[in-house]
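Reader: I am new to this structure and would be grateful for a guided discussion. May we look at it together, beginning with the strands?

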Amino acid sequence: MATPIGIKKRVVIVGGGIAGSVLAYNLQHHADVYLIDPKEYFEIAWASLRCMVEPSFAERSLINHREYVKNATVITAYAVGVTPNEVRTNQGRGVPFDYLVIATGHDDRTAFTKTEKISRYRMEQNKIKSANSILIVGGGPVGVELAGEIAVDFPGKKITLVHRGGRLLEFVGEKVSNKTLKWLRKKNVEVVLGDSVTNLNSSTNGVYKTSGGRSIRADIHFLCIGKPLASSWLKESVLRDRLDERGRLKVDANLRVERCRNIFAIGDITDIPEMKQGYLAQMHAGVVEKNIKSMIAGKEKLDAYKTGMQMAIVSLGRSEAVAQISGVTMIGCIPGKMKSEDLYVGKTRKTLGLRS
Ligand SMILES: Cc1cc2nc3c(=O)[nH]c(=O)nc-3n(C[C@H](O)[C@H](O)[C@H](O)COP(=O)(O)OP(=O)(O)OC[C@H]3O[C@@H](n4cnc5c(N)ncnc54)[C@H](O)[C@@H]3O)c2cc1C
(Lines give C-alpha, C1' and ligand atoms only; values in the text may rest on other atoms or scores of the structure.)
Protein backbone atom coordinates (compact mmCIF):
# COMPACT_ATOMS: atom_id res chain seq x y z
CA MET A 1 0.00 0.00 0.00
CA ALA A 2 1.40 3.45 -0.92
CA THR A 3 2.45 5.65 2.01
CA PRO A 4 0.06 8.64 2.41
CA ILE A 5 1.64 12.00 1.47
CA GLY A 6 3.31 13.64 4.46
CA ILE A 7 4.04 10.39 6.23
CA LYS A 8 7.74 9.63 6.23
CA LYS A 9 9.11 6.20 5.42
CA ARG A 10 10.43 4.34 8.41
CA VAL A 11 14.08 3.32 8.42
CA VAL A 12 15.21 0.98 11.17
CA ILE A 13 18.97 0.80 11.77
CA VAL A 14 20.22 -2.03 13.98
CA GLY A 15 23.62 -1.36 15.57
CA GLY A 16 25.05 1.96 16.69
CA GLY A 17 28.73 1.57 15.85
CA ILE A 18 30.37 3.93 13.37
CA ALA A 19 28.37 2.51 10.41
CA GLY A 20 24.91 2.69 12.00
CA SER A 21 25.53 5.97 13.85
CA VAL A 22 26.73 7.89 10.81
CA LEU A 23 23.80 6.59 8.76
CA ALA A 24 21.25 7.46 11.47
CA TYR A 25 22.72 10.97 11.75
CA ASN A 26 22.61 11.55 7.99
CA LEU A 27 19.12 10.12 7.42
CA GLN A 28 17.34 11.58 10.47
CA HIS A 29 15.83 14.52 8.58
CA HIS A 30 14.84 12.46 5.52
CA ALA A 31 12.97 9.56 7.11
CA ASP A 32 11.45 8.37 10.34
CA VAL A 33 14.63 6.83 11.73
CA TYR A 34 14.82 4.24 14.54
CA LEU A 35 18.27 3.31 15.89
CA ILE A 36 18.42 0.09 17.90
CA ASP A 37 21.52 -0.51 20.06
CA PRO A 38 21.91 -2.19 23.46
CA LYS A 39 24.27 0.57 24.58
CA GLU A 40 23.11 4.12 25.24
CA TYR A 41 26.21 5.40 23.50
CA PHE A 42 28.35 5.11 20.40
CA GLU A 43 31.98 4.28 21.08
CA ILE A 44 34.77 5.33 18.74
CA ALA A 45 36.20 1.82 18.75
CA TRP A 46 39.75 2.69 17.73
CA ALA A 47 40.14 5.05 20.70
CA SER A 48 39.36 2.40 23.30
CA LEU A 49 42.95 1.41 24.10
CA ARG A 50 43.91 5.04 24.85
CA CYS A 51 40.98 5.15 27.29
CA MET A 52 42.56 2.31 29.26
CA VAL A 53 45.63 4.44 30.06
CA GLU A 54 43.77 7.78 30.10
CA PRO A 55 40.11 7.29 31.12
CA SER A 56 39.25 10.99 30.64
CA PHE A 57 39.86 10.48 26.90
CA ALA A 58 36.56 8.55 26.92
CA GLU A 59 34.61 11.74 27.70
CA ARG A 60 34.93 12.59 23.98
CA SER A 61 35.17 9.12 22.45
CA LEU A 62 31.94 7.82 24.03
CA ILE A 63 28.97 9.73 22.64
CA ASN A 64 25.42 9.18 23.83
CA HIS A 65 23.28 8.35 20.79
CA ARG A 66 20.76 11.02 21.79
CA GLU A 67 23.45 13.71 21.45
CA TYR A 68 23.70 13.35 17.68
CA VAL A 69 20.39 11.81 16.59
CA LYS A 70 17.99 14.36 18.03
CA ASN A 71 15.49 13.79 15.25
CA ALA A 72 15.39 9.99 15.48
CA THR A 73 14.10 7.45 17.95
CA VAL A 74 16.74 5.56 19.91
CA ILE A 75 15.70 2.14 21.20
CA THR A 76 18.10 0.81 23.83
CA ALA A 77 17.75 -2.94 23.30
CA TYR A 78 19.21 -5.94 21.53
CA ALA A 79 17.65 -6.96 18.25
CA VAL A 80 16.86 -10.65 18.59
CA GLY A 81 15.09 -11.43 15.33
CA VAL A 82 13.82 -10.10 12.04
CA THR A 83 10.78 -10.87 9.87
CA PRO A 84 10.11 -9.43 6.38
CA ASN A 85 8.65 -6.28 7.94
CA GLU A 86 9.75 -5.89 11.54
CA VAL A 87 12.66 -6.26 13.93
CA ARG A 88 12.06 -7.98 17.28
CA THR A 89 13.91 -6.75 20.35
CA ASN A 90 14.82 -8.53 23.59
CA GLN A 91 12.19 -6.39 25.32
CA GLY A 92 9.50 -8.18 23.31
CA ARG A 93 8.88 -5.18 21.09
CA GLY A 94 8.28 -5.35 17.33
CA VAL A 95 9.71 -2.41 15.36
CA PRO A 96 8.18 -2.23 11.87
CA PHE A 97 10.23 -0.93 8.96
CA ASP A 98 9.96 0.19 5.36
CA TYR A 99 13.75 -0.08 5.09
CA LEU A 100 16.06 -2.02 7.40
CA VAL A 101 19.81 -1.55 7.74
CA ILE A 102 21.83 -4.11 9.68
CA ALA A 103 25.05 -2.71 11.16
CA THR A 104 25.68 -4.95 14.17
CA GLY A 105 29.44 -5.38 13.55
CA HIS A 106 30.87 -6.94 16.69
CA ASP A 107 29.38 -7.91 20.01
CA ASP A 108 30.44 -5.74 22.94
CA ARG A 109 28.69 -6.51 26.21
CA THR A 110 31.04 -4.64 28.53
CA ALA A 111 28.91 -1.66 29.62
CA PHE A 112 25.54 -0.23 28.68
CA THR A 113 25.91 3.39 29.83
CA LYS A 114 28.66 5.94 29.29
CA THR A 115 29.15 6.34 33.05
CA GLU A 116 29.51 2.59 33.50
CA LYS A 117 32.03 2.41 30.65
CA ILE A 118 34.15 5.27 31.98
CA SER A 119 34.30 3.67 35.41
CA ARG A 120 35.47 0.43 33.76
CA TYR A 121 38.25 2.38 32.05
CA ARG A 122 39.21 3.87 35.44
CA MET A 123 39.37 0.40 36.96
CA GLU A 124 41.58 -0.78 34.10
CA GLN A 125 43.88 2.21 34.46
CA ASN A 126 44.19 1.54 38.21
CA LYS A 127 45.02 -2.09 37.47
CA ILE A 128 47.76 -1.01 35.06
CA LYS A 129 49.12 1.60 37.48
CA SER A 130 49.37 -0.82 40.37
CA ALA A 131 50.97 -3.67 38.39
CA ASN A 132 54.69 -4.11 37.87
CA SER A 133 54.31 -6.76 35.19
CA ILE A 134 51.57 -7.11 32.57
CA LEU A 135 50.73 -9.98 30.24
CA ILE A 136 48.93 -9.16 26.99
CA VAL A 137 47.45 -12.10 25.11
CA GLY A 138 46.89 -11.50 21.40
CA GLY A 139 49.04 -9.81 18.79
CA GLY A 140 46.33 -8.34 16.56
CA PRO A 141 45.54 -4.60 16.49
CA VAL A 142 44.01 -4.61 20.00
CA GLY A 143 46.99 -6.32 21.67
CA VAL A 144 49.57 -4.28 19.76
CA GLU A 145 47.83 -0.94 20.39
CA LEU A 146 47.43 -1.76 24.09
CA ALA A 147 51.09 -2.76 24.39
CA GLY A 148 52.05 0.51 22.67
CA GLU A 149 49.87 2.65 24.95
CA ILE A 150 51.22 1.03 28.14
CA ALA A 151 54.85 0.98 26.97
CA VAL A 152 54.74 4.71 26.18
CA ASP A 153 52.72 5.93 29.18
CA PHE A 154 54.25 3.54 31.74
CA PRO A 155 57.77 2.78 30.50
CA GLY A 156 58.78 1.12 33.80
CA LYS A 157 56.32 -1.78 33.50
CA LYS A 158 57.44 -5.19 32.35
CA ILE A 159 55.18 -6.10 29.43
CA THR A 160 54.98 -9.52 27.80
CA LEU A 161 52.88 -10.03 24.70
CA VAL A 162 52.04 -13.60 23.70
CA HIS A 163 50.62 -14.27 20.26
CA ARG A 164 49.51 -17.63 18.92
CA GLY A 165 50.31 -16.71 15.30
CA GLY A 166 53.71 -16.62 13.69
CA ARG A 167 53.69 -12.83 13.27
CA LEU A 168 51.99 -9.76 14.72
CA LEU A 169 49.15 -7.95 12.89
CA GLU A 170 48.40 -10.79 10.49
CA PHE A 171 45.65 -8.77 8.76
CA VAL A 172 48.34 -6.68 7.02
CA GLY A 173 51.63 -7.51 5.28
CA GLU A 174 54.76 -9.05 6.76
CA LYS A 175 56.78 -5.81 6.55
CA VAL A 176 54.34 -4.15 8.95
CA SER A 177 54.60 -7.12 11.32
CA ASN A 178 58.40 -6.97 11.33
CA LYS A 179 58.54 -3.22 11.89
CA THR A 180 56.03 -3.50 14.73
CA LEU A 181 57.98 -6.32 16.37
CA LYS A 182 61.18 -4.26 16.23
CA TRP A 183 59.41 -1.20 17.67
CA LEU A 184 57.90 -3.17 20.57
CA ARG A 185 61.19 -4.86 21.41
CA LYS A 186 62.94 -1.46 21.42
CA LYS A 187 60.38 -0.39 24.02
CA ASN A 188 61.35 -3.45 26.11
CA VAL A 189 58.15 -5.35 25.38
CA GLU A 190 58.88 -9.07 25.37
CA VAL A 191 57.08 -10.55 22.38
CA VAL A 192 56.47 -14.30 22.24
CA LEU A 193 55.19 -15.60 18.91
CA GLY A 194 53.74 -19.00 17.99
CA ASP A 195 52.74 -19.81 21.56
CA SER A 196 49.58 -19.58 23.66
CA VAL A 197 48.76 -19.20 27.33
CA THR A 198 47.08 -22.29 28.78
CA ASN A 199 46.05 -21.16 32.30
CA LEU A 200 44.76 -17.63 31.74
CA ASN A 201 42.04 -17.83 34.38
CA SER A 202 43.74 -20.23 36.75
CA SER A 203 47.29 -18.91 37.09
CA THR A 204 48.91 -19.50 40.47
CA ASN A 205 50.94 -16.76 42.15
CA GLY A 206 50.94 -14.76 38.92
CA VAL A 207 52.65 -17.47 36.88
CA TYR A 208 51.18 -18.11 33.48
CA LYS A 209 52.04 -21.27 31.53
CA THR A 210 52.22 -21.55 27.77
CA SER A 211 51.72 -24.52 25.46
CA GLY A 212 55.35 -24.10 24.41
CA GLY A 213 56.49 -24.77 28.00
CA ARG A 214 57.21 -21.18 29.06
CA SER A 215 56.40 -19.71 32.48
CA ILE A 216 55.56 -16.01 32.41
CA ARG A 217 55.30 -14.00 35.61
CA ALA A 218 52.75 -11.17 35.49
CA ASP A 219 50.66 -9.29 38.07
CA ILE A 220 47.74 -8.84 35.65
CA HIS A 221 46.71 -9.89 32.17
CA PHE A 222 44.59 -8.52 29.33
CA LEU A 223 42.96 -10.81 26.80
CA CYS A 224 43.05 -8.98 23.46
CA ILE A 225 41.66 -11.40 20.93
CA GLY A 226 39.00 -9.21 19.29
CA LYS A 227 35.26 -9.40 19.65
CA PRO A 228 33.04 -11.95 17.88
CA LEU A 229 30.80 -10.87 14.99
CA ALA A 230 27.30 -9.97 16.20
CA SER A 231 25.22 -12.01 13.77
CA SER A 232 23.99 -14.86 15.96
CA TRP A 233 20.66 -13.02 16.39
CA LEU A 234 20.04 -13.59 12.66
CA LYS A 235 20.58 -17.34 12.74
CA GLU A 236 16.92 -18.18 13.33
CA SER A 237 15.55 -15.31 11.25
CA VAL A 238 14.38 -14.91 7.67
CA LEU A 239 17.97 -13.90 6.84
CA ARG A 240 19.58 -17.10 8.16
CA ASP A 241 20.52 -18.33 4.69
CA ARG A 242 22.13 -14.96 3.81
CA LEU A 243 24.93 -15.55 6.34
CA ASP A 244 28.20 -16.97 5.06
CA GLU A 245 30.20 -19.64 6.88
CA ARG A 246 31.91 -16.94 8.99
CA GLY A 247 28.61 -15.38 10.07
CA ARG A 248 28.85 -12.34 7.78
CA LEU A 249 25.87 -11.05 5.82
CA LYS A 250 26.10 -11.50 2.08
CA VAL A 251 25.42 -8.24 0.27
CA ASP A 252 25.03 -7.26 -3.38
CA ALA A 253 26.70 -4.34 -5.18
CA ASN A 254 24.11 -1.87 -3.78
CA LEU A 255 24.77 -3.18 -0.26
CA ARG A 256 21.38 -4.83 -0.09
CA VAL A 257 21.34 -8.15 1.71
CA GLU A 258 21.27 -10.80 -1.03
CA ARG A 259 17.81 -11.26 -2.53
CA CYS A 260 16.26 -8.54 -0.37
CA ARG A 261 14.63 -5.41 -1.81
CA ASN A 262 14.55 -3.24 1.29
CA ILE A 263 17.13 -4.72 3.68
CA PHE A 264 20.71 -3.42 3.62
CA ALA A 265 23.85 -4.29 5.59
CA ILE A 266 26.88 -2.11 6.29
CA GLY A 267 30.14 -2.16 8.22
CA ASP A 268 32.09 -5.12 9.62
CA ILE A 269 29.07 -7.46 9.49
CA THR A 270 29.16 -7.59 5.67
CA ASP A 271 30.99 -10.16 3.53
CA ILE A 272 32.63 -7.47 1.36
CA PRO A 273 36.15 -8.73 0.58
CA GLU A 274 38.16 -5.82 1.99
CA MET A 275 39.86 -4.82 5.25
CA LYS A 276 37.38 -4.36 8.07
CA GLN A 277 37.89 -0.68 8.81
CA GLY A 278 35.76 2.11 10.23
CA TYR A 279 36.46 4.51 7.36
CA LEU A 280 35.16 1.87 4.92
CA ALA A 281 32.11 1.29 7.15
CA GLN A 282 31.41 5.04 6.80
CA MET A 283 31.66 4.71 3.02
CA HIS A 284 29.10 1.88 3.15
CA ALA A 285 26.83 4.17 5.19
CA GLY A 286 27.17 6.85 2.48
CA VAL A 287 26.11 4.46 -0.29
CA VAL A 288 23.11 3.17 1.68
CA GLU A 289 22.07 6.71 2.61
CA LYS A 290 21.94 7.58 -1.10
CA ASN A 291 20.18 4.35 -2.03
CA ILE A 292 17.47 4.71 0.61
CA LYS A 293 16.89 8.33 -0.41
CA SER A 294 16.63 7.21 -4.07
CA MET A 295 14.19 4.44 -3.21
CA ILE A 296 12.06 6.82 -1.14
CA ALA A 297 12.00 9.18 -4.14
CA GLY A 298 10.86 6.29 -6.34
CA LYS A 299 14.08 6.16 -8.38
CA GLU A 300 15.06 2.83 -9.91
CA LYS A 301 18.80 3.31 -10.23
CA LEU A 302 20.85 2.66 -7.10
CA ASP A 303 24.49 3.44 -6.31
CA ALA A 304 27.01 0.60 -6.29
CA TYR A 305 29.70 0.40 -3.59
CA LYS A 306 33.29 0.51 -4.80
CA THR A 307 35.81 -0.44 -2.16
CA GLY A 308 38.03 2.42 -1.03
CA MET A 309 41.81 2.61 -0.69
CA GLN A 310 43.05 -0.25 1.52
CA MET A 311 44.69 1.45 4.47
CA ALA A 312 45.50 0.35 8.00
CA ILE A 313 47.18 2.46 10.66
CA VAL A 314 47.94 0.87 14.01
CA SER A 315 48.91 3.35 16.69
CA LEU A 316 52.00 2.81 18.84
CA GLY A 317 51.43 5.08 21.79
CA ARG A 318 50.75 8.80 21.58
CA SER A 319 52.92 9.96 18.72
CA GLU A 320 53.95 7.00 16.58
CA ALA A 321 52.17 4.42 14.45
CA VAL A 322 52.76 1.74 11.87
CA ALA A 323 50.89 1.93 8.58
CA GLN A 324 50.18 0.09 5.37
CA ILE A 325 48.69 2.40 2.80
CA SER A 326 48.03 0.93 -0.66
CA GLY A 327 50.83 -1.58 -0.13
CA VAL A 328 53.39 0.97 1.20
CA THR A 329 54.52 0.47 4.79
CA MET A 330 55.89 3.05 7.20
CA ILE A 331 56.45 3.44 10.91
CA GLY A 332 57.13 6.36 13.25
CA CYS A 333 55.91 9.91 13.62
CA ILE A 334 54.49 10.44 10.10
CA PRO A 335 51.76 7.78 10.39
CA GLY A 336 51.62 8.77 14.08
CA LYS A 337 50.63 12.30 13.08
CA MET A 338 47.79 10.85 11.00
CA LYS A 339 46.28 8.82 13.83
CA SER A 340 47.92 8.56 17.22
CA GLU A 341 47.53 12.00 18.75
CA ASP A 342 43.74 12.36 18.71
CA LEU A 343 42.86 8.93 17.23
CA TYR A 344 40.42 10.66 14.81
CA VAL A 345 38.13 11.49 17.72
CA GLY A 346 37.68 15.16 16.77
CA LYS A 347 37.11 14.23 13.12
CA THR A 348 34.55 11.54 14.01
CA ARG A 349 32.68 13.87 16.37
CA LYS A 350 32.47 16.47 13.59
CA THR A 351 31.05 13.80 11.23
CA LEU A 352 28.21 13.47 13.76
CA GLY A 353 27.66 17.24 13.91
CA LEU A 354 29.34 17.66 17.31
CA ARG A 355 32.09 19.95 18.54
CA SER A 356 35.46 18.22 18.15
C1 LIG B 1 42.32 -1.71 17.96
C2 LIG B 1 41.56 -1.31 16.74
C3 LIG B 1 41.99 -0.23 16.00
C4 LIG B 1 41.32 0.16 14.87
N5 LIG B 1 41.75 1.25 14.17
C6 LIG B 1 41.06 1.68 13.11
C7 LIG B 1 41.48 2.83 12.41
O8 LIG B 1 42.50 3.44 12.73
N9 LIG B 1 40.73 3.25 11.36
C10 LIG B 1 39.62 2.58 10.96
O11 LIG B 1 38.99 3.01 9.99
N12 LIG B 1 39.19 1.46 11.59
C13 LIG B 1 39.89 0.99 12.65
N14 LIG B 1 39.47 -0.13 13.30
C15 LIG B 1 38.33 -0.91 12.77
C16 LIG B 1 37.00 -0.31 13.22
O17 LIG B 1 36.98 -0.17 14.62
C18 LIG B 1 35.83 -1.17 12.75
O19 LIG B 1 35.96 -1.47 11.39
C20 LIG B 1 34.51 -0.44 12.99
O21 LIG B 1 34.35 -0.15 14.36
C22 LIG B 1 33.32 -1.26 12.48
O23 LIG B 1 32.17 -0.52 12.71
P24 LIG B 1 30.70 -1.18 12.69
O25 LIG B 1 29.76 -0.04 12.91
O26 LIG B 1 30.53 -2.02 11.49
O27 LIG B 1 30.66 -2.18 13.92
P28 LIG B 1 30.92 -2.01 15.48
O29 LIG B 1 31.84 -0.88 15.75
O30 LIG B 1 31.33 -3.36 15.95
O31 LIG B 1 29.48 -1.62 16.09
C32 LIG B 1 28.45 -2.55 16.15
C33 LIG B 1 27.31 -2.00 16.99
O34 LIG B 1 26.22 -2.92 16.92
C35 LIG B 1 25.69 -3.11 18.22
N36 LIG B 1 25.05 -4.44 18.27
C37 LIG B 1 25.64 -5.65 18.32
N38 LIG B 1 24.70 -6.61 18.37
C39 LIG B 1 23.49 -6.00 18.35
C40 LIG B 1 22.14 -6.46 18.38
N41 LIG B 1 21.81 -7.76 18.43
N42 LIG B 1 21.15 -5.53 18.37
C43 LIG B 1 21.43 -4.19 18.32
N44 LIG B 1 22.70 -3.72 18.28
C45 LIG B 1 23.71 -4.60 18.29
C46 LIG B 1 26.89 -2.98 19.14
O47 LIG B 1 26.44 -2.62 20.46
C48 LIG B 1 27.66 -1.85 18.47
O49 LIG B 1 27.22 -0.59 18.93
C50 LIG B 1 40.15 -0.55 14.45
C51 LIG B 1 39.70 -1.64 15.20
C52 LIG B 1 40.40 -2.01 16.33
C53 LIG B 1 39.90 -3.19 17.13
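Reader: In β19, which residue is the bridge partner of Ile325?

Author: This is a predicted model, in which local features need pLDDT of at least 70, side-chain atom pairs count only at pLDDT 80 or more, and totals for chains, interfaces and linings use all residues. Residues are numbered from 1 along each chain as its sequence is written. Strands are DSSP runs (E, at least two residues; helices are H or I, at least four), numbered from the N terminus. β18 (residues 320–325) pairs with β19 in the antiparallel sense over five bridges, where pairing requires that DSSP finds at least two bridges. The partner of Ile325 in β19 is Val328.

Reader: Which strands stand at the edges of the sheet?

Author: The open sheet has three strands in the order β17-β18-β19, with antiparallel pairing. Each edge strand has a single partner, so one side of it is left without a neighbour in the sheet. The strands at the edges are β17 (311–316) and β19 (328–332).

Reader: Between which domains does the shell around the ligand lie?

Author: The shell holds 36 residues, the closest being Gly15, Gly17, Trp46, Gly105 and Gly267; a residue is near the ligand if its C-beta atom, placed from the backbone, lies within 6 Å of it. Elements giving two or more residues to this shell include α1 (18–27) and α8 (278–296). Domain bounds come from an automatic or database domain assignment. Both domains give residues to the shell, so it lies between domain 1 (10–38 + 77–108 + 227–308) and domain 2 (126–226).
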